[in-house]
Amino acid sequence: MIPFDMVEPTSLKEAMALLDPDDPTVRPVAGGTALMLMMKAGVFQPSKLVSLQHIEPDYGRITVTGSGELRIGAMTTLSELEQDANVATRLPMLKRALRTLSNPRVRNVACVGGALAHGDPHMDLPPVLTALGARVAISGPNGNRELPLEKLYVGYYETVLEKNELITAVTVPALNARKATYMKVTSRSADDWPALGVAVVFALADGVVRDPVIVISAATEKVTRMTGAEKVLHGAAPEDAVLMRAGEAAVAEASILSDAHGSAPYKRELLRVYLRRAVRQAVAQ
């Protein structure tokens, strides 16, 4: 790696001031797990890294709001998220997903904000939080804004974040009685990058699916809602024929990519099969 500067601001305001929107070689770094791999591979060569490790501790906390929402600070590590008691009781789907999100060494270092801002479609956290209806809080020199997590991603490794903006927190609504699950399909170990990730969240009333949210990743260039499949499921009983139609609708609307984890035809078949399995698994929980 070529030499670079590392600065360690002690406040969010100072960190944002150190970022240069006109210089792509200046980059913020939280846990650094993904960024360091890019640097070692020569894909990214920074002139300056702005460490976020010493900013205000509030950005690394998990709290429950008065309305029952879970607010997760961007500097919360994935291990802290996995081990948090409120996550376990309020969002068990999230806790289960974290168990196979990379390995414990990475989870001990990687932070929530970085995992979302990186924009890698193979990551597990974005589809899970998107399906749960999460909102992301963003701060920059021009002020603060909040948007649904699904609106953060615009393409392959592309987000709507400006070069001098930072994610500060993620807010996740209460799950209440809704069903939720996430299934990842890997070609190697369980904690490997997935060939396909499928997250489903829905209410089940009188044996009928209500307001389903279906999100896929890894097989597509970004986290993607399957609105056609959602329409098939809404108002229907989760029976085999309905689930098969939902799988076909998802395959028809998704733009599937080939990569090292599998060909596009292979991933389409995975989507057909695992959408059905994810809904059945959610119903059973």
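The lining of the largest pocket divides into 28 nonpolar, 11 polar and nine charged residues, where Ala, Val, Leu, Ile, Met, Phe, Trp, Tyr, Cys and Pro count as nonpolar, Asp, Glu, Lys and Arg as charged, and the others, Gly among them, as polar. The model is predicted, so local features need pLDDT of at least 70 and side-chain atom pairs pLDDT 80 or more, while totals for chains, interfaces and linings use all residues. Residues are numbered from 1 along each chain as its sequence is written, and side-chain values use heavy atoms, with hydrogens and water left out.

**Exercise 1.** Describe the size of the largest pocket and the elements that line it.

*Solution.* Begin with the term: on a 1 Å grid over the protein atoms alone, a pocket is an open set of points where a 1.4 Å probe fits, with protein on both sides within 12 Å along at least five of seven lines, and lining residues have an atom within 4 Å of a point. The space in the largest pocket is about 1,200 Å³, a volume being the space filled by probe spheres set on the points, which are joined across faces, edges and corners. Next, count the lining: it has 48 residues, and A34, G114, A115, A117 and H118 lie nearest the centre. Finally, at least two lining residues each come from β2 (26-29), α2 (33-40), α7 (112-117), β9 (158-159) and β10 (166-172), with helices (H or I, at least four residues) and strands (E, at least two) taken as DSSP runs numbered from the N terminus. The largest share, five residues, is supplied by α2.

**Exercise 2.** Are S139 and H122 buried or exposed, and which side chains do they meet in polar contacts?

*Solution.* S139, in strand β6 (residues 135-140), is buried because its relative accessible area is 7%. A polar contact (a pair of N or O atoms within 3.5 Å, one able to donate a hydrogen and the other to accept it, with residues adjacent in sequence counting only if both atoms are side-chain atoms) links the side chains of S139 and N144 at 2.8 Å. H122 belongs to the loop between α7 and α8 (125-131) and is buried because its relative accessible area is 8%; its side chain makes a polar contact of 2.8 Å with that of D259. Beyond its neighbours within four places in sequence, H122 is in contact (heavy atoms within 4.5 Å) with residues including Y156, W193 and H261.

How values were computed
Buried < 20%, exposed > 50% of the residue type's maximum accessible area, 1.4 Å probe, protein only.
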